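Student: Could we go through this protein together, one piece at a time?
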Amino acid sequence: MDFRLLCVGAVLMLFGGSWAQQEGSECLKANAQSCGECIQVAETCGWCTDENFLRDGESKTVRCDDMGSLSAKKCVKIENPRGTITINKNKDVTNRKKDQADKLKPEQITQIQPQKLTLTLRSGEPQTFNLKFKRAEDYPIDLYYLMDLSFSMKDDLENVKNLGTDLMKEMQKITSDFRIGFGSFVEKTVMPYISTTPARLANPCTSNYNCTSPFSYKNVLSLTDRGHQFNQLVSQQQISGNLDSPEGGFDAIMQVAVCEEKIGWRNVTRLLVFSTDAGFHFAGDGKLGGIVLPNDGRCHLENNMYTMSHYYDYPSIAHLVQKLSDHNIQTIFAVTEEFQPVYKELKNLIPKSAVGTLSSNSSNVIKLIIDAYNSLSSEVILENSRVPEGVSISYKSVCKNGVTGTGEGGRKCSNISIGDEVSFQISVESTKCPSRSSETIKIKPLGFTEEVEVVLSFICECECSKAGVPNSKDCHKGNGTLECGACKCNAGRIGGKCECSKDELRTEDLDANCRKDNGTDICSNNGECVCGTCECKTRENPAEIYSGKHCECDNFNCDRSTNKLCGGHGHCECRVCVCEANYTGSACDCSLDTSTCLAKNGQICNGRGTCECGACKCTNPKFQGSTCEICPTCPGVCAEHKDCVQCRAFGGEGDKHACEQNCGYLTLMKVPRRDDLPQPTDQSFPLTHCKERDANDCWFYYTFAVRNDTPEAYVVEELECPAGPDIIPIVVGVVAGIVLIGLALLLIWKLLMIIHDRREFAKFEKEKMNAKWDTGENPIYKSAVTTVVNPKYEGK
């Protein structure tokens, strides 16, 4: 037994198994009648085969439980079969080298391991195995070149004529075992795809160009290793023509895929190169030519010509995908730049296919094929055949450099080179037993012929059932088979010991009559099921009684209050208290007396709530207190009713009709003076005095109170407005202020100008004093006055 299950059992034993009894496991809820039914519920379910396991009143369905619960209940013999994995064929993957002297045949090369397994599945228990894949070096390749020979491809045909030998040379760098074939297609030979006039049938091309008659598909050369023969036959081909732009390439692809013998496909890598510069017709387009029969997906080649193009419609994309996958053909679409988007979308629908850009005259076709092959061969994608109902498969990939993938990504590995080894973890799980005891599924890499055969067998019965005793005396006079510690009743008999007849009881399940609402407990664990009828237990206290069809009722398990059953104010019926008058509640602890909810004003909860169980429950959450008298968050009664009092008493700019409609709840009375307003001492109910201001800054006074659930207000009929201001002093003051401010500004301006002038004059005087004048005489200047001195004059 599993160590973890023993631990779980020990824990459950420590708690007395109470958890399992209270909650009920998935196994118990299934109500399994035999060991075989039990082990199909879940992988955790076991069946106790101990003969003395059941206690009085317990059904045989209790034998089916989780392993921990059965161990906690001291079951010794537990039937719990487990699934297994058996590898039947496990040949190692081939380590092949290109330069080896001994060349292996294709069927001798192994790239996937193991090759065959047998899985024994139990419901809910997945079985996981590892699958290894390794690309073999020098693996044989078959390549079939399918070419569009409509008129637009005439220059491409010239370059393809030498394709055989040139491609053979390039492919020999990859494999020493390479074969090549050639086929061509145009269109269905009916209107409106081609012209059916005799002249155009003989030569569908315009001008003076000589073309061959149109055809649907022609196998020109089956797969061969002689490249020169390819060149010879292709050079003899002639261009044809048709009327519409799309071509009938899908008809040709279908025939290439399904006509294995005539094309010469081997169980090796199969490549189909589809070369065109146009679109394609697909299923439904045949109606244009009056063709309504769906394509049958069979080979119709006679003398290497497709003869049923006028009879069967074009195949659908899904049909092509199925046939290409079934025949392990990898497709390379060599198309011109114009139709790249169309064929890239088609590539997404066809697994293991590639798209290459074909030059206008197909001069790059060899490089395109080599690149596309390397791209296809570097990716491994696993697919499986149809799985039986109730069986599921999940994948986990462990690729190059430790890269892992799960879900849909777990099916493939990319960037794989020759000699690289990758692995996949594949889990197979069953949720039920299928109609057949054994099924076979196949798992293979797309584009490869090798596959893994997985044989599934299902555990639907326990091992102990083989030792069953038919017509045992222990099963009520031989009305059942004693197997796995319990009676498996014969047809028409039911019951723990097969003691009852279905015809007599008119029920399909004996124990179902003793379970309430399809539950797991027999007679609510308070009685025994005798032929579909519950017999309730008796208790030591005769006053305590179990009752009901399924012993689900009693008179002692009702709610209690103050340690009294139903609070001492009622009696217990079927676990529900029936209360006396003036009491209610699940334990009859809720009094209907409202005297404790009366407020000082004589109202119930101040008119702001309801009285429940002798306590106020305020209807507005902002009120609180024993009688809903406190409102800590209220803005105040005065502010709350200000607008209604104002519009009702003094009118205003608002709509009078709206005021009457919205404030009609208020009873309004006017008084002439403030002294006439009611005073708190005059009333037996709460009264509030209010002073509020209107939009004109006028004050109005009123009182508010609620009397007999009716709001009422007393309002002083005269507003108290402040006196208006004296206009003349204000005007005189404003004018005087303006004049004084103007004079002050003029004075300041005059003062500033005086200061500025004085500064300018001082600056002028300073510059004048600092000026230096030159007193020298002009050397050429001669005075007009001549002075003569008398030599005799002595100054006397």
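Predicted model: local features only at pLDDT ≥ 70, side-chain atom pairs only at ≥ 80, totals over all residues.

Tutor: Residues are numbered from 1 along each chain as its sequence is written, and side-chain values use heavy atoms, leaving out hydrogens and water.

Student: Okay, what is the strand order in the open sheet of four strands?

Tutor: The order is β39-β42-β41-β40, with mixed pairing; strands are DSSP runs of E with at least two residues, helices are runs of H or I with at least four, both numbered from the N terminus, and two strands pair if DSSP finds at least two bridges between them.

Student: And which are the edge strands?

Tutor: They are β39 (667-671) and β40 (687-693), each of which pairs on one side only.

Student: In what sense do β39 and β42 pair?

Tutor: They pair in the parallel sense over five bridges, and Val671 has Val716 in β42 as its bridge partner.

Student: Which helix packs on the sheet?

Tutor: That is helix α16 (residues 637-650), which touches β39, β40, β41 (699-707) and β42, where contact means heavy atoms within 4.5 Å.

Student: New topic: is Cys484 buried or exposed?

Tutor: Cys484 counts as buried because its relative accessibility is 6%, and buried means under 20% relative accessible area, exposed over 50%, and partly exposed in between (1.4 Å probe, protein chains only).

Student: What about the phi of Cys566?

Tutor: Phi of Cys566 is near 55 degrees, a positive value in a residue other than glycine, and Cys566 lies in the loop between β32 (564-565) and β33 (570-573).

Definitions and conventions:
Axes fitted to C-alpha atoms, helices over the stretch in contact; angles between N-to-C directions.
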